[in-house]
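Please open the model in a viewer and keep a selection panel at hand. The stops below are meant to be taken in order.

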Amino acid sequence: ETRIVILTGHADQKLALDALRAGAVAYVLKARDPNEIFGVILDAAAKDTLTKFKAETVGAEAVLANAKGVLVCPKITKGGFIIGVEGGDCVLYSGASLPLYYSTNAVKAGFLAGVQSYAMIVALNTDTALAKFTSGAREWEVGTDASVAIAKMGAGASLDTTNLKRDVVAFIFGERGLMGDLSLEGSRFKNKTSSDILRSPA
């Protein structure tokens, strides 16, 4: 399913209603704050990622419903060979009135050649894990601030339940589905401020 965001200079209420009724997820004026435009686009991509994950993974609905917070990174891009660099943008849904936006980055040795990008969903399953992630004191780092269990597929295209009750569980997937062989060790997540939010979500 493709999500459509209308970006226009026409402040016409009828056009906006018609676009939303036709299936657009948002109608945004070009004159609006660029940060708001970024947020709308990233939010649409995140919701598309969640929809695909739920549709393709048995048990995903229950896991996400029970989480205290869900971080969605629609596209994390990787580059390099011997030393790999990766980064992307994410949105956190935690029951608050508005989502929070994060950037993620990592520098890793032993880069996996051929894996150019992937999507990731992180379930923060306890109030403590969510509070620590959103504290904002500094970047939140995998391995330093918390260990993260990597979810794997079990039989019948359903989730392997071995690690699903851990405080923080990551679901990493590409075109071929869930990937349980990637490591997030050293990955960092930073709350985005008005000064650094203007990065492309693509």
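This is a predicted model: local features need pLDDT of at least 70, side-chain atom pairs count only at pLDDT 80 or more; totals for chains, interfaces and linings use all residues.

Residues are numbered from 1 along each chain as its sequence is written, and side-chain values use heavy atoms, with hydrogens and water left out.

**Whole chain.** Colour by secondary structure: there are four helices and eleven strands. Helices (H or I, at least four residues) and strands (E, at least two) are DSSP runs numbered from the N terminus. Of the 202 residues, 42% are buried, where buried means under 20% relative accessible area, exposed over 50% and partly exposed in between (1.4 Å probe, protein chains only). Taking contacts (heavy atoms within 4.5 Å) between residues at least 6 apart in sequence, 61% join residues at least 24 apart.

**Strand β9.** Select 168–174. Seven of the seven residues of β9 are buried, so the strand is largely enclosed by the rest of the structure. V168, A170, I172 and G174 point one way from β9, and V169, F171 and F173 the other way. In a regular strand the side chains alternate between the two faces of the sheet.

**Neighbours of β9.** I121 stands opposite F171, and A123 has V169 as its bridge partner. Of the eight residues of β6, seven are buried.

**The nonpolar cores.** A nonpolar core is a set of buried Ala, Val, Leu, Ile, Met, Phe, Trp, Tyr and Cys residues joined through side-chain atoms within 4.5 Å. Show L71, M120, L184 and F189, which have the most contacts inside the largest core, a set of 25 residues. β6 gives the most, with four residues. Around L71, contacts beyond its neighbours within four places in sequence include C90, L92, Y102, M120, F133 and F189. A second, separate core has 24 residues, including L42, F53, V70 and I121.

**A buried glutamate.** Move to E86 in strand β4. E86 counts as buried because its relative accessibility is 8%. V107 is 21 residues from E86 in sequence, with 6.6 Å between their C-alpha atoms.

**Cavity and pocket.** On a 1 Å grid over the protein atoms alone, a cavity is a set of points where a 1.4 Å probe fits but cannot get out, and a pocket is an open set with protein on both sides within 12 Å along at least five of seven lines; lining residues have an atom within 4 Å of a point. Grid points are joined across faces, edges and corners, and a volume is the space filled by probe spheres set on the points.

Which residues line the largest cavity? Select L71, V122, F133, W140, V142, V148, L184 and F189. The volume of the largest cavity is about 40 Å³.

Finish at the second largest pocket, with about 190 Å³ of space. Its lining includes V58, V63, N66, N125, T161 and K165.

Key
Two strands pair if DSSP finds at least two bridges between them.
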